Amino acid sequence: MDSQPLEPLDALRALMDAHLPPLHAVVVPSEDAHQSEYVADADKRREFISGFNGSAGVAVITRDKALLWTDGRYFLQATQQLSSSWKLMRIGEDPPLESWLADNLEKEATVGVDPSCISVDTAHRWEPAFAKHGQKLVQLQENLIDKIWKNRPAQKVAPVVPHPLEFTGRSAKEKISELRGKLSQEKASAIVVTALDEVAWLYNVRGGDVLYNPVVHAYGIVTHASAFFYVDKQKTSVEVQQYLLENGIEIREYDSILEDVKALAEHPISFKKAATEGNREAIIWVDPGTCSYMVYSHIPADQVLLQQSPLALAKALKHPLELEGMRKAHIRDGAAVVSYLAWLDAQMQDLYGAAGYFSEVKGGSLKRKRSEEDKLTEVTVSDKLAEFRSKQEHFRGLSFETISSVGANGAIIHYSPKSDTCAEMQPDAMYLCDSGAQYLDGTTDITRTMHFGKPTAHEKTCATQVLKGHIALDMAVFPNGTTGHALDILARVPLWKEGLDYRHGTGHGVGCYLNVHEGPHLISFRPQARNVALQATMTVTDEPGYYEDGNFGVRIENVLIVNEAGAKYNYGEKGYLAFEHITWAPYQTKLMELSLLSETEKIWVNEYHVACREKLSPLLTGSDLEWLHKATEPLPC
């Protein structure tokens with residue numbers, strides 16, 4: 001009689017015991033070989049072993065325990081998705097992973113990890129913590145999850161596509177030249193580019209290897225004389241090869257990156273004259289936050305420069321053509337969102353007898369019995385939103401999985417509805433929709449929260465305090481040198497006055513037809529938000545929220561551009577900055593408790609709605625245009 005296959009945790013523990021040396025623990029991070037936040041299906045190892053599918057988290061499996069660390073965005077989601085075999089470790093509340101392992105494993109214990117899936121920074125944080133107890137981080141030669149993951153998805157082979165100069169504003173040649181200037185400043189002979197969006201931005205290429213992120217699995221190496229693109233050559237057409245050649249970029253096979261990094265360190269002169277004249281020692285620059293420990297391990301310690309990639313900031317400072325593209329993309333996107341909201345409003349009234357977007361009084365009984373085909377769910381309505389977006393010029397797909405959440409599901413901050421388990425729309429519950437799209441000229445990210453029935457006084461109060469925080473950040477004027485850490489409080493103060501708060505940051509950078517989450521800047525209470533000041537031409541979101549477990553969630557989000565403020569005075573000769581919002585879709589006035597809004601805030605809402613009407617009206621007709629006009633009427637005096 002055939003034996004039953006082992007459960008994944010049991011199978012993994014069997015491999016841990018059989019490993020030489022035997023492993024007391026295995027760490028399974030979320031990241032891929034490029035330390036990406038969002039990864040291809042084939043790289044979702046942590047999701048496979050734990051069942052938790054949030055974008056952030058790390059699993060630890062010991063001989064008798066299984067633990068998962070994640071942040072506040074995912075506490076509720078992880079509680080729902082983890083089986084009884086797992087223990088949730090709340091980042092910021094429970095001991096950090098390295099402390100827990102050091103304190104709970106025996107002395108001389110071995111902790112295994114795939115070195116391609118952790119960054120240099122992470123490894124350098126873990127190793128000393130383990131060493132204090134005589135424990136050792138073991139770099140695995142083979143990922144143990146891959147050995148037990150039956151039917152693991154294959155990596156996609158999507159074509160590389162050059163991104164036209166009309167959208168980028170700068171050629172790959174120009175960007176490479178600027179990067180070489182940075183190498184000279186740091187007296188480095190080469191840089192290894194490991195983050196997927198940095199490779200895509202530097203070489204002006206896009207791909208389809210990761211869902212929602214138009215990137216290609218690739219590395220780059222740039223020296224003072226050469227530039228290399230490490231990619232599966234199946235993905236490069238003759239036209240792409242010619243484009244790369246014209247920009248001085250040589251294609252090499254993806255898997256040859258480790259061999260070439262090692263060769264670059266050993267023979268800088270023979271490696272296409274990598275070193276500058278008079279500097280025969282190879283100093284290789286890698287970003288410790290995005291470079292894998294595996295790549296780093298192939299460079300001698302005295303030849304490596306560990307410093308944030310200069311491409312992170314260069315990419316975040318948008319070219320005027322990129323900013324103009326972002327503005328245009330957000331107007332088209334706003335028109336799609338308005339068409340969706342008008343459609344959803346009509347459907348909720350027709351199928352569910354809801355009062356509707358504008359009224360709190362039901363119009364009557366249901367007009368007809370709903371069939372299964374007519375039933376609206378979190379997934380069917382989000383699919384309809386995607387359909388409206390797909391009709392817009394330059395549309396290339398969604399920028400992330402739409403967060404379409406009704407009632408209690410709205411309290412799950414990064415909720416991802418599935419067709420077989422999602423909730424049906426409800427006429428008397430809050431509805432939160434966080435969505436975005438990829439267009440050739442820009443990436444969008446917008447959240448609106450609404451109610452199609454009669455919101456409670458508590459729901460209106462919470463929604464209004466979120467709106468007040470959203471407005472406060474939008475209106476901020478601040479000196480150059482100010483970080484997102486300093487501004488984060490502006491969005492929270494109105495909530496704090498009511499004893500409310502939220503467990504996520506307030507804003508993240510947004511790529512231009514690239515990743516919807518982009519660094520190095522952010523607006524957050526987290527310590528890393530102190531590291532990079534906001535600068536003119538950056539893009540960043542403004543998205544405070546409030547989430548009540550088991551009840552509802554509220555979030556409001558716009559994308560902002562950082563501009564010079566033109567303030568009346570210039571104290572300290574620093575120069576001052578302000579925000580320009582480029583997201584256009586109405587806020588539901590029915591959810592506003594007007595007595596809580598100041599006159600300044602009411603004026604802000606009215607002016608925003610006037611701008612929505614002006615910008616979106618040319619793209620709308622018929623009932624959609626009528627709906628927009630009604631949604632943007634001035635607030636009652």
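A pocket here is an open set of grid points with protein on both sides within 12 Å along at least five of seven lines. By that definition, the second largest pocket of this structure has a volume of about 640 Å³. Please keep in mind as you read that this is a predicted model.

- By residue type, the lining of the second largest pocket holds 12 charged, 9 nonpolar and 7 polar residues.

**The largest cavity**

- Searching the whole structure turns up 4 cavities of 30 Å³ or more.
- The largest cavity has a volume of about 120 Å³.
- Its lining consists of Arg448, Thr449, Ala463, Thr464, Leu467, Val554, Ile556, Tyr587, Gln588, Leu591 and Met592.
- At least two lining residues come from each of strand 20 (446–451) and helix 16 (457–474).
- Helix 16 is the element that gives the most to the lining of the largest cavity, with 3 residues.
- In the lining of the largest cavity, 7 residues are nonpolar, 3 are polar and 1 is charged.

**The second largest cavity**

- The second largest cavity contains about 90 Å³ of space.
- It is lined by 14 residues, and Val27, Val28, Pro29, Asp114 and Asn143 are the closest to its centre.
- Strand 1 (25–29) and helix 6 (144–148) are the elements that give two or more residues to this lining.
- Strand 1 provides the largest share of the lining of the second largest cavity, namely 4 residues.
- The lining of the second largest cavity has 9 nonpolar residues, 4 charged and 1 polar.

- What makes strand 1 largely enclosed by the rest of the structure? The reason is that 5 of its 5 residues are buried, where buried means under 20% relative accessible area.
- The cover reaches both faces of strand 1: Ala25, Val27 and Pro29 are buried on one side, and Val26 and Val28 are buried on the other.
- Strand 1 runs antiparallel to strand 2 (residues 58–62), and 5 bridges join the two.
- Val26 has Ile61 as its bridge partner in strand 2.
- Strand 1 also runs parallel to strand 5 (residues 110–113), to which 2 bridges join it.
- Ala25 has Val111 as its bridge partner in strand 5.

**Aromatic pairs**

- There are 19 aromatic pairs in the structure.
- For Phe358 and Trp627, the ring centres are 5.5 Å apart and the planes are at 50°, so this pair is tilted.
- This pair links distant parts of the chain, 269 residues apart: Phe358 is in the loop between helix 14 (320–352) and helix 15 (378–390), while Trp627 is in helix 19 (residues 622–631).
- Is Phe358 buried or partly exposed? Phe358 counts as partly exposed because its relative accessibility is 27%.
- Trp627, its ring partner, counts as buried because its relative accessibility is 6%.
- A second pair, Tyr587 and Trp604, has ring centres 5.8 Å apart and planes at 40°, so this pair is tilted.
- Tyr587 is in the loop between strand 28 (576–581) and helix 18 (599–616), and Trp604 is in helix 18, 17 residues apart.

**Charges over rings**

- Which ring does the charged end of Arg90 sit over? The charged end of Arg90 sits over the ring of Phe75, at 5.5 Å from the ring's centre.
- Lys175 lies over the face of Trp201, and the distance to the ring centre is 4.0 Å.

Conventions. Residues numbered from 1 in each chain as written. Predicted model: local features only at pLDDT ≥ 70, side-chain atom pairs only at ≥ 80, totals over all residues. Heavy atoms only, no water. 1 Å grid on protein atoms, 1.4 Å probe; cavity = no way out; pocket = protein on both sides within 12 Å on 5 of 7 lines; lining within 4 Å. Points joined across faces, edges and corners; volume = space filled by probe spheres on them. Nonpolar A, V, L, I, M, F, W, Y, C, P; charged D, E, K, R; others polar. Phe/Tyr/Trp six-rings, centres within 6.5 Å; stacked < 30°, edge-to-face > 60°. Buried < 20%, exposed > 50% of the residue type's maximum accessible area, 1.4 Å probe, protein only. Lys NZ or Arg CZ within 6 Å of the ring centre and 35° of its normal. Pairing = 2+ DSSP bridges.
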